[in-house]
Amino acid sequence: MTTNTPDKLQKNPLIRLLLTTVGVLATALGILGIFLPVLPTTPFLLLAAACFLRSSPAFHQWLLGHPHLGRYIHYYLDGKGIPRKAKIYTLIVLWLSISVSIMMVPLWPVRLLLVVIASCVSVYIIRQKTLEPPSIPEKSS
């Protein structure tokens, strides 16, 4: 994991403020993405971490050390993947919410767009490496 080093920290205070603002907004969108399957959680949290790396060492450390949000970043950057339960849950909620949206939208081009977006997100999620739970060693008798 990358740490905040003085050469990565933006020196211009206006740009630092802009990066911090984008980081806070990306964090908020990432949190919403946990509950709304149309919003991708990990990309927003990665964007937030990149912004905070260059603008705020305190926010950067908070995000990486957060017990829930930090794990999304660590799993992705470590290449461990997405837990199987999270994949299944995400796909079920995604397709349920897309189905409800399709029923509520009267325009067929928008319905088609929703199906295409959901399909692309599904393919992306399925293609991600699956994080397997640690195996429990068998007891010898």
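**Reading the model**

Student: What does F59 count as at 36% relative accessibility?

Tutor: Buried means under 20% relative accessible area, exposed over 50%, and partly exposed in between (1.4 Å probe, protein chains only). At 36%, F59 therefore counts as partly exposed. The model is predicted, so local features need pLDDT of at least 70 and side-chain atom pairs count only at pLDDT 80 or more, whereas totals for chains, interfaces and linings use all residues. Residues are numbered from 1 along each chain as its sequence is written, and side-chain values use heavy atoms, with hydrogens and water left out.

Student: How many helices and strands are in the chain?

Tutor: Helices (H or I, at least four residues) and strands (E, at least two) are DSSP runs, numbered from the N terminus. The chain has 6 helices and 2 strands, and along the sequence their pattern is α-α-α-α-β-α-α-β. Of its 141 residues, 23% are buried.

Student: Which residues make up the largest nonpolar core?

Tutor: In soluble globular proteins, nonpolar side chains tend to be buried together. A nonpolar core is a set of buried Ala, Val, Leu, Ile, Met, Phe, Trp, Tyr and Cys residues joined through side-chain atoms within 4.5 Å. The largest one here has 9 residues: A26, L45, A48, A49, F52, L63, L64, L69 and I73. At least two residues of this core come from each of helix 2 (41-55), helix 3 (57-65) and helix 4 (69-78). Helix 2 gives the most, with 4 residues.

Student: What is L63 in contact with, leaving aside its neighbours within four places in sequence?

Tutor: Contact means heavy atoms within 4.5 Å. With those neighbours left aside, the contacts of L63 are T27, L45, A48, A49, F52, L69, G70 and I73. One of these, T27, is found in helix 1 and is buried because its relative accessible area is 6%. Residues up to four places away not being counted, T27 itself touches L45, A48, F52, W62, L63 and L69.

Student: How many aromatic pairs does a search of the whole structure find?

Tutor: Rings of Phe, Tyr and Trp (its six-membered ring) pair if their centres lie within 6.5 Å; planes under 30 degrees apart count as stacked, over 60 as edge-to-face and the rest as tilted. The search finds 1 pair. The ring centres of F52 and F59 are 5.1 Å apart and their planes lie at 40°, so this pair is tilted. F52 has 2% relative accessibility and therefore counts as buried, while F59 is partly exposed.

Student: How far apart in space are L94 and A118?

Tutor: Separation along the chain and separation in space are read side by side. L94 and A118 are 24 residues apart in sequence, and their C-alpha atoms are 7.0 Å apart. L94 lies in helix 5 (residues 84-104) and is buried at 2% relative accessible area. A further case is N12 and S55, 43 residues apart along the chain, with 9.5 Å between their C-alpha atoms. N12 is found in the segment before helix 1 and, at 34% relative accessibility, counts as partly exposed.

Student: What share of contacts between residues at least 6 apart in sequence join residues at least 24 apart?

Tutor: In this chain, the share is 66%.
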